Amino acid sequence: MTPARQRVGEHAVVLGGSMSGLFAARVLSDAYEKVTVVDRDELTGDHRVRRGVPQGRHLHALQARGQQVIEELFPGISDEMIAAGAATGDVGFHTRWYFNGKQPRRVRTGLRAVAASRPFLERHVYERVATLPNVVFRGGHDILGLETTPDRARVTGVRVQAHGGGTAEESIGADLVVDATGRGSRVPAWLEDLGFPRVEESRLKVGVGYTTCRYRLTSDPYDDEISIAVIASADLPRGAIMTKVEDDLVTLTAYGILGDHPPTDRDGFRVFLKSLAVPDIYEAVQDQEALEDPVAFKYPVSVRRHFERVARFPEGLLATGDSVCSFNPTYAQGMTVASLGALVLREHLASGSAPVAGAYFRDVAHRAVDGPWEAMTINDLAFPGVEGRRTLSTRMAHALTSRVQAASTRDGAVTEAFLRVVGLIDPPTTLMRPGMLTRILRGSRAAS
């Protein structure tokens, strides 16, 4: 428990036991006497897909930077997951990447990948948070609204009720409330009802649909790899990723954009896989044992809430994770950006006083969200059917990406630099440094 002289406040409440909520609870536990995590689901840390995570059956991944952050927040957790059966390898050497149907040079990047299902990962993070003596979980409760001071200038807690009704509402007082309820968060609407300005949103319609099937290996198509990733391109807006996970199982998620979604019947699913730019995944599943019928999930639009632009905001309330920004899931950025948001929260707590919403949200925007959101938007606008303004800088970024991917088929240094950008380790500007740009231009010309 945090010593009194370091304490920021008595009680913090996290709305939502999602990954972002667990990350928030971890950093809040260092600054508050007590942290309560409230969620509609019963939070027990078991291995099942939670009802509140409808996409939980599908493939999830921490980008390389997210893997670093989770290890920083929970030292030793990567080795724990590997010991419990998670697959592991080097991001560049043990993943068989395909961009525009072509394979980049394999290279050891030194960036660690830990491959596991969403329930497996969430369970290990939950178990770490549950061991913290000042963190308690209130599962099975609906979140009804915010409590405020009479002048509505400060949030003082939340109103909850046991799920299913039949019991009285309960108020949970708090010095700080952190919203981690995700893209469906009702906090912006509650703020409007309290008289605060509407939170501006940016939206990008992508019409992503993905379908997932799990397999038990009867033969090993990977050699020494842990994943095969065929990335969708403007020429063929279909992709799939087939990854080893825990318990010697494989999760295969195929996806398409703008309504071109993989079917959920097994024969149709195989036909979709056969249509990919390369045959590797289709061939890999032919002799494997499917454990269930494929299941689908649709993601129509990416949403960013610009809390950093709100001129007036109540004290005692913050937001994190998908409550701030919900990304196109095919880029696997969401959990990593949530972990970066947790680092921002930790730094704002380190001052010894409660975070100021405006400063916190500006830092979350600048240091966690802006880069991934811009990269996602630029990549999505490479697909002709995605609506949006294609500026000169956007078109130049498309041209550079095309050259990077071409050059990576011949130059391992370009592969490594590109994967470090994809993994949110380095900013895209590193690809434009003179020495790297020379390699990219030379390699792309040789590959053409």
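**Entry 1: charges over a ring**

I started at F93 and found the charged end of R108 over its ring, 3.9 Å from the centre. I count a charge as over a ring if NZ of Lys or CZ of Arg is within 6 Å of the ring centre and within 35 degrees of the ring normal. R106 also lies over the face of F93, at 4.1 Å from the ring centre.

**Entry 2: what I am working with**

This is a predicted model, in which local features need pLDDT of at least 70 and side-chain atom pairs count only at pLDDT 80 or more, while totals for chains, interfaces and linings use all residues. Residues are numbered from 1 along each chain as its sequence is written, and side-chain values use heavy atoms, with hydrogens and water left out.

**Entry 3: salt bridges**

R106 came up again when I looked for salt bridges: it is linked with R96, D224, E225 and D280 in a network of them. A salt bridge here is a side-chain nitrogen of Lys or Arg within 4 Å of a carboxyl oxygen of Asp or Glu. How many salt bridges does a search of the whole structure find? The search returns 32.

R7 and E10 meet through their side chains at 3.1 Å, N to O. R7 is partly exposed, with a relative accessible area of 24%, and E10 is partly exposed at 46%. For these labels, buried means under 20% relative accessible area, exposed over 50%, and partly exposed in between (1.4 Å probe, protein chains only).

The side chains of R309 and E200 meet in a salt bridge at 2.5 Å, N to O. This pair links distant parts of the chain, 109 residues apart: R309 is in the loop between β16 and β17, and E200 is in the loop between α5 (187-193) and β11 (201-216). Helices (H or I, at least four residues) and strands (E, at least two) are DSSP runs, numbered from the N terminus. R309 counts as partly exposed at 48% relative accessibility, and E200 does at 40%.

E347 and R367 form a salt bridge at 2.3 Å, N to O. E347 lies in helix α8 (residues 334-349) and R367 in helix α9, so the pair ties together parts 20 residues apart in sequence. E347 is partly exposed at 43%, and R367 is partly exposed at 39%.

**Entry 4: aromatic pairs**

I then searched the whole structure for aromatic pairs and got 9. F307 and F313 form one that is edge-to-face, 6.0 Å centre to centre with 90 degrees between the planes. Rings of Phe, Tyr and Trp (its six-membered ring) pair if their centres lie within 6.5 Å; planes under 30 degrees apart count as stacked, over 60 as edge-to-face and the rest as tilted. Are F307 and F313 buried or exposed? Both are buried.

F307 also pairs with F361, and this pair is stacked, at 4.8 Å centre to centre and 15 degrees between the planes. F307 sits in the loop between β16 (295-305) and β17 (317-319), and F361 in helix α9 (residues 357-380), 54 residues apart. F307 counts as buried because its relative accessibility is 3%; F361 counts as buried at 2%. I noted that F307, F313, Y360 and F361 form one aromatic cluster.

**Entry 5: a hairpin**

Last, I looked at β7 (residues 141-148) and β8 (residues 155-162), which run antiparallel and are joined by 7 bridges. Two strands pair if DSSP finds at least two bridges between them. I143 stands opposite V160 in β8. The two strands, β7 and β8, form a hairpin with 6 residues between them, and R152 in the turn has a positive phi of about 65 degrees.
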